[in-house]
Amino acid sequence: MSQGYFLTIDAGTGSGRAVIFDTLGNQVGIGQQEWTHLSEEGVANSMGFDYQTNWTILSSCIQKAIDTAGIKAEAIKAVTATSMREGIVLYDREGKELFGVANVDARADREVTELKREFAGSEERFYTQSGQTYALGALPRLLWLKRNRPHLYEKTASMNMISDWVLTKLSGVIASEPSNAGTSGIFSLEKRQWVPEMAKKLGLKDDIFPPVYESGAVIGEVTRRASEETGLAAGTPVVTGGGDVQLGSAGLGVVEAGEVAVLGGTFWQQLVNMPTAKTDPNMDIRINPHVIPGISQAEGITFFSGLVMRWFRDALCQSEVSDAKRRGIDPYAYLEELASNVPVGANGILPIFSDVMHYGRWYHAAPSFLNLSLDPAIASKGAMFRSLEENAAIVSMLNLEAIFRFTGVQNESITFAGGASKGTLWSQILADVTGKEVKIPNVNEATSLGGAFACGVATGEYKSIAEAAKNLVQWDKCYNPDTQNHAKYREVASRWQAAYASQLKLVDQEITTSMWRAPGL
């Protein structure tokens with residue numbers, strides 16, 4: 001291995017970050033800052049991507065990462081980017097941003113409904129090619145823009161994903177890559193290329209889709225302007241990265257068919273690698289291109305698990321946050337201490353947040369806790385926190401079981417990473433709930449590590465992303481399931497499913513408000 005460093009910039013749902021690795025895959029520097037995506041005034045269910053503010057944040061994260069690594073910018077051999085998926089950025093002919101939305105922006109509710117009605121069967125046909133539904137796709141958002149911001153739509157000359165946008169800011173090159181472009185729904189799983197005919201059939205522009213390069217390709221260099229803004233050295237190679245989930249899988253070593261991962265971040269993703277690009281006849285499961293050519297991923301998603309934890313911490317646990325600060329520990333670690341004294345099943349508390357995944361008809365009940373007690377020893381903050389950890393694991397189990405039925409894959413081992421995997425209790429709960437071995441890598445920034453692998457391929461350090469993953473991913477911990485706890489969690493999961501179905505009926509009756517509803521439902 002040669003000397004030098006790789007930088008991955010991550011535009012996530014809840015934060016921006018920059019992470020630096022050496023060529024052996026060791027993390028040496030990081031800069032991170034939380035951010036929010038603001039709704040647009042007068043636009044219901046909107047979640048705009050503030051590319052101006054967020055670029056300033058990312059630039060600061062890059063400078064902090066270089067400082068914490070204690071290296072010179074010139075030592076960075078290549079830079080890449082990853083991001084939340086589904087989010088898009090549109091540009092004019094000069095390459096200036098016109099419009100951007102984050103991942104679960106749902107402003108195009110009416111457009112989804114009308115596309116399903118006026119182009120009956122189009123969603124199903126497009127799903128068989130792309131593995132995506134209209135719910136979070138780019139086509140309804142483009143139609144919304146055409147109708148509601150025609151001056152911006154007419155100026156639109158190019159489109160790419162948010163991870164691609166980071167590279168555009170660095171290099172001035174507008175391009176894309178399969179793993180994130182695939183989540184736009186205007187893409188072929190099999191050919192790993194845009195399908196402009198989809199847009200054309202719906203009366204939308206079909207000439208705005210940029211060149212596609214596989215992950216690990218050099219598309220340009222850091223410009224002088226980007227150097228001044230970020231502190232990176234001008235001329236540093238800029239390399240295609242990927243969607244956060246797919247690069248995260250690579251960073252976990254999940255690069256071969258049949259391997260399974262759970263990524264525990266703002267959203268939780270449950271992933272099973274497939275050697276084919278087949279799609280689910282029931283349209284319940286999402287299928288994405290992996291960053292590894294020839295591999296597709298069947299995916300389940302648990303909505304807002306990380307955001308729910310942040311809400312719980314910030315809204316209900318101010319005294320615990322203060323106590324943790326005095327002790328010099330992370331507030332989540334302190335809350336896990338409290339939760340570890342609570343028995344399996346969290347004293348019967350049933351959290352109602354994310355449902356299991358029904359990709360073709362996707363909505364959630366109103367966020368709530370059921371079966372609380374007026375006894376503070378039973379409905380304690382520790383019990384409520386444990387119930388949230390258990391619930392994320394239960395939804396993951398149910399999603400994985402659906403994927404296993406669809407793919408025919410069976411694997412007794414799960415690779416677990418992301419912020420949630422830092423929790424010792426949470427990792428054991430995931431093992432107990434699923435009844436499977438849970439392995440934790442020694443680098444929790446798995447998505448950024450996957451980006452480092454892409455940089456290494458581009459610079460000739462590694463032959464392929466898959467080879468780098470197999471050689472460099474190392475394991476920190478392994479959790480084995482407790483069979484008695486697994487049996488108890490089966491009963492908890494059954495009660496939760498019945499409770500959730502009842503809560504969905506309240507949404508259907510317009511008595512309560514859905515936590516999130518896919519556009520068009």
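This report describes helices, strands, sheets and cores in a predicted model.

## Basis of the description

The model is predicted, so local features need pLDDT of at least 70 and side-chain atom pairs count only at pLDDT 80 or more, while totals for chains, interfaces and linings use all residues. Residues are numbered from 1 along each chain as its sequence is written, and side-chain values use heavy atoms, with hydrogens and water left out.

Helices (H or I, at least four residues) and strands (E, at least two) are DSSP runs, numbered from the N terminus.

Strand β1 covers residues 5-11, and six of its seven residues are buried, so β1 is largely enclosed by the rest of the structure. Buried means under 20% relative accessible area, exposed means over 50%, and partly exposed lies in between (1.4 Å probe, protein chains only).

β1 pairs with two strands; two strands pair if DSSP finds at least two bridges between them. With strand β4 (residues 76-83) the pairing is parallel, over seven bridges, and A78 of β4 is the bridge partner of F6. With strand β2 (residues 15-22) the pairing is antiparallel, again over seven bridges, and R17 of β2 stands opposite D10. A hairpin of three residues links β1 to β2.

An open sheet is formed by seven strands in the order β15-β16-β14-β13-β19-β20-β21, with mixed pairing. Its edge strands, each pairing on one side only, are β15 (286-289) and β21 (475-479). Direction ignored, neighbouring strands of this sheet are turned by 30° against each other on average. Axes are lines fitted to C-alpha atoms, for helices over the stretch in contact, and angles run from 0 to 180 degrees between N-to-C directions. Within the sheet order, β19 (residues 413-417) and β20 (residues 437-441) pair in the parallel sense over three bridges, with K439 of β20 as the bridge partner of T415.

Helix α10 (residues 244-251) packs on this sheet and touches β13 (260-264), β14 (268-274), β15 and β16 (296-302). Contact means heavy atoms within 4.5 Å. The direction of α10 makes about 110° with that of β16. Eight of the eight residues of α10 are buried, among them V245, L247 and A250. After α10 comes G253, whose phi is positive, near 80°.

## The three-stranded sheet

Another open sheet has three strands in the order β6-β5-β7, with antiparallel pairing. The edge strands are β6 (97-101) and β7 (158-161), each pairing on one side only, and the twist averages 20° from one strand to the next.

Strand β5 (residues 88-91) pairs with β6 over four bridges in the antiparallel sense, and L90 stands opposite F99 of β6. Helix α4 (residues 138-148) lies across β5, β6 and β7 and runs at about 45° to β5.

## Nonpolar cores

A nonpolar core is a set of buried Ala, Val, Leu, Ile, Met, Phe, Trp, Tyr and Cys residues joined through side-chain atoms within 4.5 Å. The largest such core has 114 residues, and W165 and L170 have the most contacts inside it. Helix α14 supplies the largest share of this core, 14 residues. A second, separate core has 33 residues, including F99, L115, A138 and A181.

Residues up to four places away in sequence not counted, L170 touches I9, W55, V79, E221, V222, T223, A226, T230, L232 and V238.

## Helices α14 and α18

The axes of helix α14 (residues 381-407) and helix α18 (residues 483-508) come within 10 Å and cross at roughly 85°. That makes α14 roughly perpendicular to α18; angles under 35 degrees count as roughly parallel, over 145 as roughly antiparallel, 65 to 115 as roughly perpendicular and the rest as oblique.

On the α14 side, the contact is made by R386, E390, N391, I394, V395, M397, L398 and E401, and on the α18 side by Y489, R490, V492, A493, W496 and Q497. By class, the contact has eight nonpolar, two polar and four charged residues. Here Ala, Val, Leu, Ile, Met, Phe, Trp, Tyr, Cys and Pro count as nonpolar, Asp, Glu, Lys and Arg as charged, and the others, Gly among them, as polar.

## Residue Y359

Y359 sits in the loop between β17 (350-352) and β18 (368-370). At 3% relative accessibility, Y359 counts as buried. Neighbours within four places in sequence left aside, Y359 is in contact with Y127, G131, Q132, T133, M283, D284, I285 and R286.
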